[in-house]
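This report covers the architecture of the structure shown below.

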Amino acid sequence: MARRFNIRMAGVGGQGVVTASHILSTAVINAGGESTIVPFYGSEKRMAPVESYVRVSDEPIYEIGEITFPHIIIIFHPQVITHGKSYTMPFYYGLKEDGIALINHDGPMKLQSDQARELEERRAKLYYIPATKISLEVSGMDLATNMALVGCIGAITGLTNMQALEQAVKDRFLGKGFVVSGGTAALDSVVERKFKKKQELIEKNVAVMRAAWNYAVDHGWAAKDVQRAEAPVAAAATA
Amino acid sequence: MSETEVKTNPQGDPITSVATPKVEGKVEGRKDPHAEAKKQRVVTPEYMFFEAPRTREFITGSEAAKEAIRRSNVDLAIAYPITPQSETMQLVGVLYGEGYVKEYYRGEEEVGVMAAIAGGSRAGVRCFTATAGPGTLRGLEGIASWPGHRLPAVALFTCRVVNAPLAIQPDNVEIAYLINCGMIVLHAENQQDVFDFIMAGFVIGEKNDVTLPVGVCCDGFFVTHARGYVRMQDRGIKLPPRDPWRGAVPVLDAENPPARLSRDAPVQKSNFMAYNIHAVWQQEVWAAVERSRKYINRYLGGLLTAENVEGADAVIIASGSAAAQSREAVRLCKEKGFNVGLIKIRSIRPFPTKELRELCANAKLIVVPEFNYIGWLAREVATAIYGYSKARIIGGPRVYGGQSMPVELIVDEVESGLTGKKSTNVAMSQIMGGTVNPEEVAHFMRSI
């Protein structure tokens, strides 16, 4: 049977939701899997809802278009839930039974009672990861929040590995210059300036990913046989 | 023109087209932009389609169309940009710059483009254009007259919403208009199909006993803007040029003035001669559509593909992107323990009537998912197999207005059809044959 996850990523403009979907997708392909992505083109502006859809599998993917019934939803920003910043309301709309909701929040959120009940009815697993906190602690910036969530979901699906993820980050920032959109390209240069140089940016992003990967493993969320990822000695020295 | 003078377009932008005639002097050492195109070698369609080695690339549908045109020896391409196909004709424009397409220009709008394609084809050259949604309908006046005038050409229709409220996402209701024109209509599932169908389209449409335009349809953004794997032949080879004298009607030149229209002038009068002529032309057209079957079989390997149909609990019949979704649905059904077959229809005109009658003879349940509101494929299927199959036909699920079809909706229909549990997605009136209760349908029709 195919190991197959349809993932809906929901966040707000500026968090790098679409970039995260590209990196996860590339990383799964780097690790020998199959993946497709569909970004949702709505209004591109800071703090406005953004969604991106990623399909990952170890078998060919024929399906196209947006994902209505995901196995996994990733909530990049608590406002997706609290302010309804989501194209699909409520935030868990369409989540399959026994599905996973990976939420960027420092500890469990207090959900509305009917939402909590509905999530329970479909036996949803709620995984709260303090992705922004991890990003701040490891890289000193909140801009790698998306990397934390990608690292975490990488371990949960088990369809990629840290090496492939690292390569995907390099492809994204050093590669052929894949441009998500004009706005994102402008944002990239801002991000790069903040991180001073690309090499530093890549290393810190990868360090955040690794920390989140290990967070998933430590909390027992990771797929079977997924191990903790130890930092290479050289990288650890610079981090 | 002095050296400092720069040619500009009406907006004041400098014109930098590499296709413009070269300026005198300073030409030595300058690379001929047409150099690669000039080296292209003509091969037979048989070699091109069956023998030429191919390499796999990960490209968009628009790029696949471009690569097909590169290898198709196209004389004339006319562009009018409309989302989501604008990129296709823009990329074909790049080919013009590189010398792969002999003539290229931007039309005023679709009525003009389709009329000009008619002129080009009538003059005996190989023509290509692409449009989408509202552009297709705007050009439909011309398109609908192409087959009667026996004008071989290939048009790519990258379907998008045409009915209100308008949207720029895929919805293939426009195919319902195209299939009654008398042209050959192929429906591509993915980027590979776009590539293969365009190239085969030229060869099929230009056969003497066909001499018809070919419409290659695909579902907009999902195929044109998304990347997929496409296996392509080397770019150093191309199809033989159009041989217009092999066509079923003479082409225009000084010795052959606008023959057909002047010959058949009475067609413009309302008299019995005119009605006869109309009947003759239309009979010719539809007979030619029938005769194209053997070429579609030869060059595309069949009007449909069938997988796992024999002995299946249910059969999904789909075309275009719905076929892609159905492949996943078949997989999910298997995981649920249902044995489901898939028939992908490639050619809508001609329609694979005989093939479907044979394949569906023992089918119990047929599900027809579609990316449009009216369900033109379900009607085609029902008409084709009426009297030849006792299968219950579920004409759905359908999505429209640009929505992606969740695979789960197709699975639901298969499951409800097999278990008798009614799904909430498909109206009773969309279910035909088998055990459908006419009273339930009547009740549904009364209460909607």
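## Terms and model

The model is predicted.

## The two chains

Chain A has 239 residues, and 49% of them count as buried. Its secondary structure consists of nine helices and six strands. Take the contacts in chain A between residues at least 6 apart in sequence: 76% of these join residues at least 24 apart.

Chain B has 448 residues, with 49% buried. Here there are 17 helices and 17 strands. For contacts in chain B between residues at least 6 apart in sequence, the share joining residues at least 24 apart is 80%.

## Helices 13 and 16 of chain B

Helix 13 of chain B spans residues 321-335, and helix 16 of chain B spans residues 407-419. Their axes lie 8 Å apart, at an angle of about 55°.

From helix 13 of chain B, the contact draws on Gln325(B), Ser326(B), Glu328(B), Ala329(B), Leu332(B) and Cys333(B). Helix 16 of chain B answers with Val407(B), Ile410(B), Val411(B) and Val414(B). By class, the residues of this contact between helix 13 and helix 16 of chain B are seven nonpolar, two polar and one charged.

## Where chain B touches chain A

Chain B puts 14 residues into the contact with chain A, and chain A puts in nine residues. On the chain B side, helix 13 and helix 16 each supply at least two residues. Helix 13 of chain B gives the most, with seven residues. The side of chain B that touches chain A divides into six nonpolar, three polar and five charged residues.

## Helices 4 and 8 of chain A

Chain A has a helix pair of its own to consider. Helix 4 of chain A (residues 131-139) packs on helix 8 of chain A (residues 198-218) at an angle of about 130°, with the axes 9 Å apart. That makes helix 4 of chain A oblique to helix 8 of chain A. The crossing of these two helices of chain A is right-handed.

Helix 4 of chain A brings Ala131(A), Ile134(A), Ser135(A), Val138(A) and Ser139(A) to the contact. These meet Lys204(A), Ala207(A), Val208(A), Ala211(A), Ala212(A) and Tyr215(A) of helix 8 of chain A. The contact of helix 4 with helix 8 of chain A has eight nonpolar, two polar and one charged residues.

## Two domains in chain B

Chain B is divided into domain 1 (35-245) and domain 2 (304-447). Their C-alpha centres lie 29 Å apart. The contact takes 23 residues from domain 1 of chain B and 19 residues from domain 2 of chain B. On the domain 1 side, helix 7 (174-178), strand 7 (184-187), strand 8 (214-219) and helix 9 (220-224) of chain B each supply at least two residues. Strand 7 of chain B gives the most to that side, with four residues. The domain 1 side has 16 nonpolar, four polar and three charged residues.

Ile179(B) sits in the loop between helix 7 and strand 7 of chain B. Ile179(B) counts as buried because it has 20 C-beta neighbours inside 10 Å. Beyond its neighbours within four places in sequence, Ile179(B) is in contact with Val185(B), Ile348(B) and Arg349(B). Ile179(B) and Arg349(B) are 170 residues apart along the chain, yet their C-alpha atoms are separated by 6.2 Å.

## Backbone exceptions

Most residues other than glycine have a negative phi, and most peptide bonds are trans. Met89(A) and Pro90(A) are joined by a cis peptide bond, with omega about -10°. Pro90(A) lies in the loop between helix 2 (79-82) and strand 5 (100-104) of chain A. In chain B, a cis peptide bond links Gly396(B) to Pro397(B), with omega about 0°. Pro397(B) lies in the loop between strand 16 (392-394) and helix 16 of chain B.

Met47(A) is not a glycine but has a positive phi of about 70°. Its loop runs between strand 2 (34-40) and strand 3 (49-57) of chain A. Met47(A) is partly exposed, with 14 other C-beta atoms within 10 Å. Thr211(B) has a positive phi near 45°. Thr211(B) lies in the loop between helix 8 (191-205) and strand 8 of chain B. Thr211(B) is buried, with 24 other C-beta atoms within 10 Å.

Methods:
Residues numbered from 1 in each chain as written. Chains lettered and ligands numbered in written order. Predicted model: local features only at pLDDT ≥ 70, side-chain atom pairs only at ≥ 80, totals over all residues. Buried ≥ 20, exposed ≤ 12 C-beta atoms within 10 Å, placed from the backbone. Contact = placed C-beta atoms within 7 Å. Axes fitted to C-alpha atoms, helices over the stretch in contact; angles between N-to-C directions. Nonpolar A, V, L, I, M, F, W, Y, C, P; charged D, E, K, R; others polar. Parallel < 35°, antiparallel > 145°, perpendicular 65-115°, else oblique. Left-handed = near helix turned anticlockwise from the far one by under 90°. Domains from an automatic or database assignment.
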